[in-house]
Amino acid sequence: MIFDFNCFQISSLWDRLLNAIGDAADSVLGRVVEAIRTVFEGEPETRRQVSFSVAIIALSAKMAKADGLVTEKEVDAFRQIFDFPDEEARNVARLYNLARQDIAGYEAYATKLAGLCGSGNENCPMLENVIDGLFHIAKADGLMHEKELAFLSRIAEIFKIDEEHFRRILARHVHLEGRDPYLVLGVSPEDEFSEIRKTYRRLVSEHHPDRLIARGVPAALHAAANERMAALNAAYAAIEKERRAA
């Protein structure tokens with residue numbers, strides 16, 4: 001699980017990490033990995049939690065940088081998926097600003113994150129939450145740039161999110177030709193409504209916030225999960241309305 005800022009003396013931990021990294025922009029990834037390895041040696045659970053937090057921050061920053069410009073709206077969107085107390089704003093901003101200087105190293109962060117919280121199987125629900133969070137940042141400025149889409153597609157590949165599943169995730173966030181409720185739910189217009197309802201209920205059950213908490217999905221990703229739930233509900237409502245009118 002990601003840091004519970006209310007349960008750890010987080011300031012001392014972040015200060016230890018960031019002091020070890022330093023302010024130099026070169027080889028930031030190498031500095032971070034080495035700092036986590038050495039500063040938290042002998043503290044495996046803390047090291048795992050710090051690694052996860054750092055990976056989320058770094059990927060969020062690099063996601064915002066993918067189109068070449070980090071906007072204030074994208075930074076605000078980051079705060080919506082990564083909640084932290086005001087007293088930690090300086091530390092988080094420092095790491096975020098280091099990571100967003102370019103997109104180099106994002107694949108290594110993604111691989112590290114997949115190893116920390118993935119199930120090892122395709123289409124891991126927890127990693128899907130990360131993808132949703134990154135989409136939330138990418139579309140915050142009102143435009144999904146092709147470079148951002150390529151970034152997200154590569155992250156999904158590293159996360160072992162298959163192509164069909166990624167298309168469904170994309171359909172929840174990007175509607176170039178209008179929202180396709182069937183694609184959002186992963187069903188077909190030819191399917192019986194009873195089967196569509198069954199699929200919808202399964203998805204709602206799998207992605208319900210309470211179930212995500214039970215699975216250990218980090219609290220920082222719950223905002224993205226709630227957005228996904230809203231998309232599933234809207235898709236089902238649209239199909240139900242269409243079938244009733246037919």
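1. A search of the whole structure finds four aromatic pairs. Rings of Phe, Tyr and Trp (for Trp, the six-membered ring) are paired if their centres lie within 6.5 Å; planes under 30 degrees apart count as stacked, over 60 as edge-to-face, and the rest as tilted. The model is a predicted one, in which local features need pLDDT of at least 70 and side-chain atom pairs count only at pLDDT 80 or more, while totals for chains, interfaces and linings use all residues. Residues are numbered from 1 along each chain as its sequence is written, and side-chain values use heavy atoms, with hydrogens and water left out.

2. One of these pairs is formed by Phe193 and Tyr236: the ring centres are 5.7 Å apart and the planes are at 25°, so the pair is stacked. It links distant parts of the chain, since Phe193 belongs to helix H11 (residues 193-207) and Tyr236 to helix H13 (residues 222-245), 43 residues apart. Helices here are DSSP runs (H or I, at least four residues), numbered from the N terminus. Phe193 and Tyr236 are both buried, where buried means under 20% relative accessible area, exposed over 50% and partly exposed in between (1.4 Å probe, protein chains only).

3. Tyr236 also pairs with Tyr200: their ring centres lie 4.0 Å apart with the planes at 10°, so this pair is stacked. Again distant parts of the chain are linked, with Tyr200 in helix H11 and Tyr236 in helix H13, 36 residues apart. Tyr200 is buried, at a relative accessible area of 15%, and Tyr236 is buried at 10%. Phe193, Tyr200 and Tyr236 form one aromatic cluster.

4. Of the 42 residues in the largest nonpolar core, Leu59, Met63, Ile155 and Phe159 touch the most other members. Such a core is a set of buried Ala, Val, Leu, Ile, Met, Phe, Trp, Tyr and Cys residues joined through side-chain atoms within 4.5 Å. The elements giving two or more residues to this core are helix H3 (44-65), helix H4 (72-81), H5, helix H6 (106-117), helix H7 (125-138), helix H8 (146-158) and H9. H3 gives the most, with nine residues. A second, separate core of 15 residues includes Tyr182, Phe193, Ile196 and Ile239.

5. Met63 is in contact (heavy atoms within 4.5 Å) with Leu134, Ile137, Ala138, Glu148, Phe151 and Leu152, not counting residues up to four places away in sequence.

6. In helix H5 (residues 89-99), the residues Asn91, Val92, Leu95, Tyr96, Leu98 and Ala99 are buried. They cover an arc of only 165° around the axis, which puts them on the same side of H5; the arc is that of the directions from the helix axis to the C-beta atoms.

7. His165 is located in helix H9 (residues 163-173) and is buried, with a relative accessible area of 13%. Its side chain makes a polar contact with the side chain of Arg168 (2.8 Å). A polar contact is a pair of N or O atoms within 3.5 Å; within protein, one must be able to donate a hydrogen and the other to accept it, and residues adjacent in sequence count only if both atoms are side-chain atoms. Not counting residues up to four places away in sequence, His165 touches Asn123 and Glu128.

8. His173 is also found in helix H9 and counts as buried at 10% relative accessibility. The side chains of His173 and Asp132 make a polar contact (2.6 Å). Leaving aside neighbours within four places in sequence, His173 is in contact with Asp132, Phe135, Lys139 and Glu227. The C-alpha atoms of His173 and Arg228 are separated by 8.9 Å, although these residues are 55 residues apart along the chain.
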